[in-house]
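Me: I would like to go through a protein model with you. Please take my questions one at a time and show how you get to each answer.

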Amino acid sequence: MLCAQCDESARGVCRFCGRGVCATHHAAMPFIITVFGNDPPRSIVVGGTLWCQVCRPQPEPIAMPELT
Ligand SMILES: [Zn+2]
Ligand SMILES: [Zn+2]
């Protein structure tokens, strides 16, 4: 697999969108595994997740009423 930005050999795959990322173009981003409970909701987050810097993970879950 190659980096999506520069065609170097990819070091890993973006956790969010699946693009290949090389050592130069990767970055760390917290990744929310799950959200549970309410008042207040709590989330389990993994820090340092591989991120391609191209896609834009949204900080909040987005409601998708069309899927229900
Ligand atoms: Zn690259
Ligand atoms: Zn990505």
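This is a predicted model: local features need pLDDT of at least 70, side-chain atom pairs count only at pLDDT 80 or more; totals for chains, interfaces and linings use all residues.

Me: How many helices and strands does the protein have?
Reply: Helices (H or I, at least four residues) and strands (E, at least two) are DSSP runs, numbered from the N terminus. From that end on, the elements run β-β-β-β. The count is 0 helices and 4 strands.

Me: What is the radius of gyration of the protein, and what would a compact globule of 68 residues have?
Reply: The radius is taken over C-alpha atoms, and the globule rule is 2.2 Å times the number of residues to the power 0.38. Along its principal axes the C-alpha trace spans about 45 × 30 × 15 Å. A compact globule of 68 residues would come near 11 Å, whereas the protein has 15 Å.

Me: What share of the residues is buried?
Reply: A residue is buried if 20 or more other C-beta atoms, placed from the backbone, lie within 10 Å of its own; with 12 or fewer it is exposed, and in between it is partly exposed. Of the 68 residues in the protein, the buried ones make up 16%.

Me: In which sense do S3 and S4 pair, and over how many bridges?
Reply: Two strands pair if DSSP finds at least two bridges between them. Phe36 has Arg42 in S4 as its bridge partner, and Ile32 stands opposite Val45 in S4. The hairpin has 5 residues between the strands, and Gly37 takes a positive phi near 75 degrees there. The pairing is antiparallel, over 8 bridges.

Me: Which peptide bond is cis?
Reply: Most peptide bonds are trans, and most residues other than glycine have a negative phi. Pro40 is found in the loop between strand S3 (27–36) and strand S4 (42–51). With omega near -5 degrees, the cis bond is the one from Asp39 to Pro40.

Me: What phi does Asp7 have, and is Asp7 buried or exposed?
Reply: Asp7 sits in the segment before S1. Its phi is positive, about 65 degrees, although Asp7 is not a glycine. With 10 other C-beta atoms within 10 Å, Asp7 is exposed.

Me: What phi does Gln53 have?
Reply: Gln53 is placed in the segment after S4. Because 14 other C-beta atoms lie within 10 Å, Gln53 is partly exposed. Gln53 is not a glycine, yet its phi is positive, about 70 degrees.

Me: Why does Ala4 count as buried, and which residues does Ala4 touch?
Reply: Ala4 lies in the segment before strand S1 (12–13). Ala4 counts as buried because it has 20 C-beta neighbours inside 10 Å. Two residues are in contact if their C-beta atoms, placed from the backbone, lie within 7 Å. Not counting residues up to four places away in sequence, Ala4 touches Arg19, Gly20, Val21, Cys52 and Val54.

Me: How far apart are the C-alpha atoms of Cys52 and His26?
Reply: Cys52 lies in the segment after S4 and counts as buried, with 24 C-beta neighbours inside 10 Å. Among the residues that Cys52 touches are Ala4, Cys14 and His26. Cys52 and His26 are 26 residues apart along the chain, and their C-alpha atoms are separated by 5.0 Å.

Me: Which residues form the largest nonpolar core?
Reply: A nonpolar core is a set of buried Ala, Val, Leu, Ile, Met, Phe, Trp, Tyr and Cys residues joined through C-beta atoms within 7 Å. The largest has 7 residues: Cys3, Ala4, Ala10, Cys14, Val21, Trp51 and Cys52.

Notes
Residues are numbered from 1 along each chain as its sequence is written. Chains are lettered from A and ligands numbered from 1 in the order in which they are written.
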